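Please look through the sequence and the model shown here before reading on. The report that follows takes up a pocket, then some charged pairs, and ends with a helix and a sheet.

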Amino acid sequence: MAALLLGLLLLVLQTPTVPSSVALDPDGWHPSTGNGTGVHPDGTAQQLPRIIIIGVRKGGTRALIEMLSLHSAVAAAQNEVHFFDWESHFQKGLSWYRSQMPFAFPHQSTVEKTPAYFTSAKVPARIHQMDPGAKLLLILRDPTERVLSDYTQVFYNRLQKHKRYQPIEALLVKDGEINLGYKALNRSLYHVHMQNWLRYFPLESVHVVDGDRLIRDPLPEMQEVERFLGLEPQISASNFYFNKTKGFYCLREHGRERCLHDSKGRAHPGVAPVVLQKLYHFFQEPNRKFFELVGRTFNWK
């Protein structure tokens, strides 16, 4: 009996314990195992983003994340993850979300962009649950221009697939009035969606980027982004050059030049002037409400 008790005592003493200082993610992810992520031999690791570009669709999110990736303290995810707005992705948990991020050094902040986040009602609460201190970037354009760009993307996609398409006038106007059932139009009602975000995040956590200005003169907008994120100023005029063929600014980094895809900056289909004027008039009141929410005005028609 004494020998049995002694053996049990030795077994207990030899059983390893988990350090109390190590915390697990809600879904059980641990940095030492990583579920396929973990730490890379060069010292980089996949980490949850502290910076999220939440939208808006056709507002310039791709340009923004490409310009932000010029900064050495930023690691940018290349693909739209759709973690917080797609149930099939969200149910996979934070470990899966982390596995979609780039490998980053300890001094770098990870950023991802999914334009649909801004207009998805359930996303603000989910991001807040993950990280109430997240820094959010929202890039907006004149809402009328955004609607036209939204239609243009669908228009060209249907052309490429040899599918029928409706003239934009048929989508924008119904029975002589603005068609509130048109999804592209609802995405431009910025004040409606912003109210939802402000239920979970203070205004100080959201930086609104002027997408129209970013196209015309990117450096001042990116300098404001650097200040908001608390980054050391690095992005400079030498990082941008105007491409006359494409009609917009391209990027230059360490002697290499790169431009956005040819699908960016495509000309909008023509719109009947009377419909266009009706659209500008419709957005006057929603724009005023948005300006009041964010304490800032934009040069929108």
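## The second largest pocket

The second largest pocket has a volume of about 250 Å³. Its lining is made up of 13 residues, and those closest to the centre of this pocket are Tyr 151, Val 154, Arg 158, Leu 171 and Tyr 182. It should be kept in mind throughout that the model is predicted. Two helices, helix 6 and helix 8, each supply at least two residues of the lining of the second largest pocket, and helix 6 gives the most, with five residues. Sorted by class, the lining of this pocket holds seven nonpolar residues, one polar residue and five charged residues.

## Salt bridges

| Pair | N to O distance |
|---|---|
| Lys 122 and Glu 87 | 3.0 Å |
| Arg 126 and Glu 87 | 2.7 Å |
| Asp 150 and Arg 187 | 2.9 Å |

Consider the pair of Lys 122 and Glu 87, whose side chains meet in a salt bridge. Because Lys 122 lies in the loop between strand 5 (109–113) and helix 5 (123–130), while Glu 87 belongs to helix 3 (residues 87–90), this pair ties together parts that are 35 residues apart in sequence. Lys 122 counts as partly exposed, at 35% relative accessibility, and Glu 87 counts as partly exposed at 33%.

Glu 87 also forms a salt bridge with Arg 126. Since Arg 126 lies in helix 5 and Glu 87 in helix 3, this pair ties together parts that are 39 residues apart in sequence. Is Arg 126 buried or exposed? With a relative accessibility of 14%, Arg 126 counts as buried, because the cut-off for a buried residue is under 20% relative accessible area.

The side chains of Asp 150 and Arg 187 meet in a salt bridge as well. This pair links distant parts of the chain, with Asp 150 in helix 6 (residues 143–160) and Arg 187 in helix 8 (residues 183–187), 37 residues apart. Asp 150 is buried, with a relative accessible area of 2%, whereas Arg 187, at 22% relative accessibility, counts as partly exposed. Both residues belong to a network of salt bridges that links Arg 57, Arg 146, Asp 150 and Arg 187.

## A covered helix

How many of the eight residues of helix 9 are buried? Helix 9 (residues 190–197) is mostly covered, since six of its eight residues are buried. These buried residues of helix 9 are Tyr 190, His 191, His 193, Met 194, Asn 196 and Trp 197.

Five strands form an open sheet in the order 3-5-2-6-9, and their pairing is parallel. Strand 3 (74–76) and strand 9 (206–210) stand at the edges of this sheet, and because each has a single partner strand, one side of each is left without a neighbour in the sheet. On average, neighbouring strands of this sheet are turned by 25° against each other, with direction ignored.

Which strand is joined to strand 9 by five bridges? It is strand 6 (residues 135–140), and the two strands run parallel. In this part of the sheet, Leu 136 stands opposite Val 206 in strand 9.

Note on methods: Residues numbered from 1 in each chain as written. Predicted model: local features only at pLDDT ≥ 70, side-chain atom pairs only at ≥ 80, totals over all residues. Heavy atoms only, no water. Salt bridge = Lys/Arg side-chain N within 4 Å of Asp/Glu carboxyl O. Helix = DSSP H or I, 4+ residues; strand = E, 2+ residues; numbered from the N terminus. Buried < 20%, exposed > 50% of the residue type's maximum accessible area, 1.4 Å probe, protein only. 1 Å grid on protein atoms, 1.4 Å probe; cavity = no way out; pocket = protein on both sides within 12 Å on 5 of 7 lines; lining within 4 Å. Points joined across faces, edges and corners; volume = space filled by probe spheres on them. Nonpolar A, V, L, I, M, F, W, Y, C, P; charged D, E, K, R; others polar. Pairing = 2+ DSSP bridges. Axes fitted to C-alpha atoms, helices over the stretch in contact; angles between N-to-C directions.
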